[in-house]
Amino acid sequence: MPTYTPRTTSSGMAGSNYWYNSSYNPFYPTYGLPNCTCYAWGRWYEINNSRPSLPTGDAGTWFNNVSGYQTGSSPKLGAIICFSGGPYSGRGHVAVVEAINEGGSIMLSESGYNHSWNTRFWNSGPRYGPNWYS
């Protein structure tokens with residue numbers, strides 16, 4: 001992987017093919033942003049500069065339906081963290097690992113839509129996560 005640049009702002013996202021072009025992102029325009037799956041797909045594309053072969057179902061199904069990528073329980077820069085159920089309306093949530101801090105906590109970049117939040121992009125952390133792939 002080339003030098004990793006964490007995404008800490010939404011700069012350059014508006015109108016970007018990674019998030020706003022159905023030829024690049026299968027979640028657009030059906031979901032678009034704010035949506036965690038659309039965001040994670042686009043961010044993966046942005047990081048790796050190649051079209052991902054990630055799952056296209058609800059976020060809660062991603063970890064069990066991924067193939068061709070390494071999975072595990074240790075974070076890696078640029079990996080997608082997968083959450084199932086919980087506060088994510090039973091459909092899960094995915095986000096991208098942007099930094100790994102001393103002690104093992106992580107900073108994520110994410111997007112989502114819910115009754116209590118409607119945000120195209122945000123960073124969160126430090127967090128500890130359950131399932132990853134890279």
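1. E46 counts as partly exposed, at 23% relative accessibility; here buried means under 20% relative accessible area, exposed over 50%, and partly exposed in between (1.4 Å probe, protein chains only). The model is predicted: local features need pLDDT of at least 70 and side-chain atom pairs count only at pLDDT 80 or more, while totals for chains, interfaces and linings use all residues. Residues are numbered from 1 along each chain as its sequence is written, and side-chain values use heavy atoms, with hydrogens and water left out.

2. E46 forms a salt bridge with R7 at 2.6 Å, N to O (a salt bridge being a side-chain nitrogen of Lys or Arg within 4 Å of a carboxyl oxygen of Asp or Glu). This pair links distant parts of the chain, since E46 belongs to helix α2 and R7 to the segment before α1, 39 residues apart. Helices (H or I, at least four residues) and strands (E, at least two) are DSSP runs numbered from the N terminus. R7 counts as buried, at 9% relative accessibility.

3. A salt bridge also joins the side chains of E46 and R43, at 2.7 Å, N to O. Both residues lie in helix α2, three residues apart, about one turn of the helix. R43 has 4% relative accessibility and counts as buried.

4. R43 meets E98 in a salt bridge of 2.8 Å, N to O. Here strand β3, which holds E98, is linked to helix α2, which holds R43, across 55 residues. E98 is buried, with a relative accessible area of 1%. Through shared partners, the salt bridges join R7, R43, E46 and E98 into one network. The structure holds three salt bridges.

5. The largest nonpolar core has 22 residues, and those with the most contacts inside it are W19, Y39, W62, I80, V94 and V96. Such a core is a set of buried Ala, Val, Leu, Ile, Met, Phe, Trp, Tyr and Cys residues joined through side-chain atoms within 4.5 Å. Two or more residues come from each of α1 (17-20), α2 (36-48), β2 (80-83) and β3 (93-100); α2 gives the largest share, eight residues. A second, separate core of seven residues includes F83, V97, I106 and L108.

6. As to the overall fold, the protein has three helices and six strands, in the sequence pattern α-α-α-β-β-β-β-β-β. Of its 134 residues, 42% count as buried.
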